[in-house]
Amino acid sequence: MGPTSWFGFSALLPGLGFQLYFLEPRTPNTPSLNHRGTGGTFGEGQDVKGEVITRSTREKNGRFTNPWPTWHYPSSASLLRFYLLDKDHSNLPPAGISRSTLLTGPVYIYNMTPQVSGTVGSGLRVTWLGHASVLVEMDGLVILTDPIFSQRASPFQFMGPKRFRGPPCTVDQLPKVDAVLISHTHYDHLDVGSVSSLNKRFGAELRWFVPLGLQGWMQSCGCKNVIELDWWEESCVPDKVMFVFTPAQHWCKRTPTDDNRVLWGSWSVLGPCNRFFFAGDTGYCSSFQEIGRRFGPFDLAAISIGAYLPRDVMKSLHVDPEEAVEIHKDVKAKHSLAIHWGTFALAHEFYLEPPVRLREAMEKNGLNVEHFFVLNHGESRVMGGEREGGGV
C-alpha cells in the first residue's frame with residue numbers, strides 16, 4: 001500500500017501515533033516458527049544452479065529489512081512535501097457518478113458463481129477482483145491472492161481509504177477456494193473482515209499461505225490451516241502444486257509498534273501444467289531475476305502497476321508501469337495481469353493513467369501489448385487449453 005492513507009501516514013511518521021489498532025487481533029512481537037513449509041527450502045544462499053539468491057535478513061532488533069541497494073526509506077523532507085505541498089492528480093470520479101460513463105475505467109461485468117470454476121482443464125483462468133485480489137484457477141485448485149472485499153482499506157469501516165470501485169462479488173459468491181496467498185500485512189492486502197468471512201465459509205479446508213511472522217495473527221482470527229514461510233521456503237498442496245514464498249521489496253506495518261515484525265514477499269505457484277507468479281506489493285529489485293532464473297517461465301504473473309507517484313516517495317515501495325514491465329521480463333512471464341490500480345486512491349497519479357503508461361512501456365520494449373494485459377473488475381481470461389484469451 002502507499003503512504004497516502006491515514007494509517008500509512010502514521011506508519012511513515014510513527015511519532016504521530018494516529019493509527020487506531022486495538023479492535024484487531026494483535027500481531028505477536030516474536031515471529032512464529034512452527035507450522036512451517038513441508039517441502040523444505042533451497043540450499044543456504046544458493047539456488048539449484050549454484051547461483052547466489054537473496055535471503056531474508058533482520059536487523060539486530062529482530063525486525064526484517066530489505067537487503068537491496070534499491071531500498072531507500074523516503075526522507076523526511078520528501079514526506080512533508082508529499083503531504084503538504086504535492087498536488088494530488090488522481091482526479092477520482094465523484095461519488096454517485098454512473099459507471100457506464102467511465103468507458104475506459106474498470107466496471108462490473110459479472111458476479112462469480114461456482115459454476116464457472118473447474119472448467120479450464122489443463123489451462124488457467126484468472127479473474128481480477130480489484131486491487132491485488134486475484135482469483136486463479138489452475139491445476140485443479142482455486143487460489144485467491146490478498147483478498148479484500150471490504151469498502152475501506154482500514155481497521156475501521158467508517159474511516160480510511162474508501163474504494164471507488166466496489167468488489168465485483170462477495171465471499172459467498174466465490175467458488176470453493178483451496179488456498180489464499182498473503183503477500184504482507186498492510187490493510188489493503190490483509191483485511192480482517194475478508195479473512196473472517198473466508199474462514200467462516202471455508203473453515204479448516206482453506207489453506208492460508210502467509211509470510212514468516214504472521215501465523216499468530218491468522219490463528220487469532222480463527223484460521224486453522226496456516227502455512228508460514230520464509231523466502232524460498234516451499235509447501236505442496238496437495239502434493240502436486242508447489243507454493244514457494246519468494247522475495248519482494250516492501251515493508252510491513254499494522255500498529256504503531258510492529259514495524260517489519262512480519263516478512264513480506266511474492267509467491268511462485270508451480271503446478272504440473274501451469275506456473276503462476278504473484279508479485280504482491282513491491283518496488284523494483286534484483287531478486288525478480290533470481291525468481292525468473294529459478295522458476296520461470298511463468299504462464300501468468302500478476303504485477304502491480306499503480307500507486308507510484310510521486311517517485312521520490314514511492315519508488316522503493318511501488319513499481320511504476322515501466323518497472324512492472326521489467327519484472328514481467330525478469331520473471332520470464334508469458335502473460336502478465338496488471339493489478340494494484342483502479343480500486344483505491346493510494347497515490348497521486350491520475351487513476352486511469354497506469355494502463356496507458358503500461359501500454360507505452362510494452363511498446364517501447366518491443367513487446368506484444370497483449371502479453372501484459374488489463375482486466376475490468378470481475379473480468380476473467382482463460383489461457384492455455386482450447387479457450388485461450390477472451391473474457392467470461
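The questions and answers below concern a predicted model of a protein chain.

User: How many helices and strands does the secondary structure of the protein chain come to, and what share of its residues count as buried?
Analyst: In this predicted model, the protein chain has 392 residues, and the share that counts as buried is 60%. Its secondary structure comes to 8 helices and 16 strands.

User: What part of the contacts with a separation of 6 or more comes from residues 24 or more positions apart?
Analyst: The contacts in question are those in the protein chain whose partners have a separation of 6 or more. Among these, residues 24 or more positions apart account for 71%.

User: How are the rings of W128 and W341 arranged: stacked or edge-to-face?
Analyst: The aromatic pairs of the model come to 12. For W128 and W341 the centre to centre distance is 5.6 Å and the angle between the planes is 10°. Planes under 30 degrees apart count as stacked, so the arrangement of W128 and W341, at 10°, is stacked.

User: Where in the chain do W128 and W341 lie, and how many residues apart are they?
Analyst: W128 belongs to strand β3 (residues 124–128), whereas W341 is in the loop between β14 (336–339) and α8 (353–364). The pair therefore links distant parts of the chain, its two members being 213 residues apart.

User: Why does W341 count as buried, and what is the relative accessible area of W128?
Analyst: Buried means under 20% relative accessible area, and W341 counts as buried because its relative accessibility is 5%. W128 is buried as well, with a relative accessible area of 0%.

User: Which geometry do the rings of F209 and W267 adopt, edge-to-face or stacked?
Analyst: The ring centres of F209 and W267 are 6.0 Å apart, and their planes stand at 70°. Since planes over 60 degrees apart count as edge-to-face, the pair formed by F209 and W267 is edge-to-face.

User: Which strands hold F209 and W267, and which residues form a cluster with them through ring pairs?
Analyst: F209 lies in strand β7 (residues 207–211) and W267 in strand β11 (residues 266–270), so that this pair, 58 residues apart, links distant parts of the chain. Both F209 and W267 are buried.

User: How far from the ring centre of F373 is the charged end of R381?
Analyst: Two arginines lie over rings in the contacts described here, one of them being R254, which is over the face of Y187 at 4.1 Å from the ring centre. The charged end of R381 sits over the ring of F373, and its distance from the centre is 4.2 Å.

User: Which strands are the edge strands of the open sheet of 7 strands?
Analyst: This open sheet has mixed pairing and the order β9-β10-β11-β12-β13-β14-β15. Within it, strand β12 (residues 275–278) and strand β13 (residues 300–304) run parallel and are joined by 3 bridges, with F277 opposite A301 in β13. The strands that pair on one side only, and hence form the edges, are β9 and β15 (372–373).

User: What covers the buried residues of α5?
Analyst: In helix α5 (residues 287–295), the buried residues are S287, F288, E290, I291, G292 and F295. Their cover includes β10 (241–246), β11, β12 and α7 (321–330).

User: Which side chain does a polar contact join to that of D230?
Analyst: D230 is found in the loop between β8 (226–229) and β9 (234–237), and it is buried, with a relative accessible area of 17%. At 2.7 Å, its side chain makes a polar contact with the side chain of S56.

Terms used:
Residues are numbered from 1 along each chain as its sequence is written. This is a predicted model: local features need pLDDT of at least 70, side-chain atom pairs count only at pLDDT 80 or more; totals for chains, interfaces and linings use all residues. Side-chain values use heavy atoms; hydrogens and water are left out. Rings of Phe, Tyr and Trp (its six-membered ring) pair if their centres lie within 6.5 Å; planes under 30 degrees apart count as stacked, over 60 as edge-to-face and the rest as tilted. Helices (H or I, at least four residues) and strands (E, at least two) are DSSP runs, numbered from the N terminus. Buried means under 20% relative accessible area, exposed over 50%, partly exposed in between (1.4 Å probe, protein chains only). A charge sits over a ring if NZ of Lys or CZ of Arg is within 6 Å of the ring centre and within 35 degrees of the ring normal. Contact means heavy atoms within 4.5 Å. A polar contact is a pair of N or O atoms within 3.5 Å; within protein, one must be able to donate a hydrogen and the other to accept it, and residues adjacent in sequence count only if both atoms are side-chain atoms. Two strands pair if DSSP finds at least two bridges between them.
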